[in-house]
Every structure is written in structure tokens, then in C-alpha cells.
Amino acid sequence: MHFAVAGREHELAFNRVRDYAETPGGIQADLRVSKVRPRIVPVPYGSRPSVYPVRAWQAWKDAAGLDDPDGYAWRRLHNRWHTVMESGLQPESIGDVVTRAGERAGIDIRFTGHSPRRGLATSSRLKGHDQIVIAKQGGWAPAPRSSPATSK
């Protein structure tokens with residue numbers, strides 16, 4: 001989901017279950033807490049079933065028993081019993097999860113909490129999307145000089 005919405009760590013950390021609404025084409029993610037301004041991001045099913053963000057969200061929601069719409073969408077796991085806790089992840093924790101996942105996957109470069117955001121912009125640009133579309137998905141101002149969408 002982090003990659004699919006090009007989210008900042010704090011945007012995901014403060015999301016609630018109600019912020020992810022299922023639609024016929026996938027999910028609509030409501031990123032209310034944002035550095036720039038709130039935005040609603042469409043999340044399609046994806047191009048490969050093994051990495052569908054929609055299926056991953058549905059599987060997490062079922063496995064974690066997320067039935068309270070006001071509860072945190074992304075929760076901590078108890079460090080000893082690995083049970084899902086009521087409290088949400090801190091923004092720094094989301095970055096740590098991304099870094100550990102990259103290490104476990106054996107990837108030579110060090111992923112950080114910003115990597116999914118940068119990765120979406122890069123992937124979108126490589127697929128031929130224009131800067132305006134990429135900026136809208138990631139919540140950047142249209143084609144700012146610092147946008148990853150402007151570099152090739």
C-alpha cells in the first residue's frame with residue numbers, strides 16, 4: 001500500500017480502517033494527514049496478482065481482525081507473541097519495516113521509508129505517465145523541481 005499510494009510514512013501511520021474504501025476498480029485511500037494537503041488516491045488491483053495492493057490490504061484486514069472503522073489501519077505486533085495490538089505504527093516504524101523487508105529480500109541497496117514513494121514516481125515515469133499524473137498520485141505540487149517525476 002505504501003508504494004501504491006506513494007505515501008509518506010506519517011500518512012500511512014495515522015490512517016484508520018475507514019480511510020480505505022473498496023471500489024469496483026480497487027480501493028480508494030483517503031490520506032487525511034499529509035505534509036502538503038489531504039488527498040484521495042485510487043489504488044487499482046495491479047498488474048500482477050502476487051503483488052496486488054488491494055488483495056494485500058484485504059488479507060491484512062482479515063488476518064488482523066480490523067473491524068473497528070476508527071481503529072488504526074496499520075498496527076503494531078506484540079514483540080513476543082506477535083499478536084496484533086490496538087495501537088498504530090509510528091511513522092519511523094513504517095520506515096524500519098521497509099528497511100527490514102529489503103534486507104530480508106537480499107536486496108543490495110538499503111531501502112528506507114521514502115523508497116516506496118520514490119519507487120512509484122520512478123516506475124510511473126518509466127511506464128510513460130506524465131508528470132502531472134505522477135504528482136497527483138504522490139501528492140506533489142505539479143512538476144516541482146524536486147519531484148522524482150522530473151528526473152529520468
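This is a predicted model: local features need pLDDT of at least 70, side-chain atom pairs count only at pLDDT 80 or more; totals for chains, interfaces and linings use all residues.

Trainee: OK, on to rings with rings. How many aromatic pairs does the structure hold?
Mentor: Five. Take tyrosine 20 and tryptophan 57: their ring centres are 4.6 Å apart and the planes are at 35°, so that pair is tilted.

Trainee: Which parts of the chain does that pair link?
Mentor: Distant ones: tyrosine 20 is in strand 1 (residues 20-23) and tryptophan 57 in helix 2 (residues 53-64), 37 residues apart.

Trainee: Is tyrosine 20 buried or exposed? And tryptophan 57?
Mentor: Tyrosine 20 has 5% relative accessibility, so it counts as buried. Tryptophan 57 is at 1%, so it counts as buried too.

Trainee: What about tryptophan 60 and tryptophan 74?
Mentor: They form a stacked pair, 6.4 Å centre to centre with 15° between the planes. Tryptophan 60 is in helix 2, while tryptophan 74 is in the loop between helix 2 and strand 4. Ring pairs link Tyr20, Trp57, Trp60 and Trp74 into a cluster.

Trainee: Switching to strands: how do strand 4 and strand 5 pair?
Mentor: Antiparallel, over two bridges, with strand 4 at residues 75-77 and strand 5 at residues 84-88. Leucine 77 stands opposite valine 84.

Trainee: What's in the turn?
Mentor: The hairpin has six residues between the strands, and histidine 82 in the turn has a positive phi of about 55°.

Technical notes:
Residues are numbered from 1 along each chain as its sequence is written. Side-chain values use heavy atoms; hydrogens and water are left out. Two strands pair if DSSP finds at least two bridges between them. Helices (H or I, at least four residues) and strands (E, at least two) are DSSP runs, numbered from the N terminus. Rings of Phe, Tyr and Trp (its six-membered ring) pair if their centres lie within 6.5 Å; planes under 30 degrees apart count as stacked, over 60 as edge-to-face and the rest as tilted. Buried means under 20% relative accessible area, exposed over 50%, partly exposed in between (1.4 Å probe, protein chains only).
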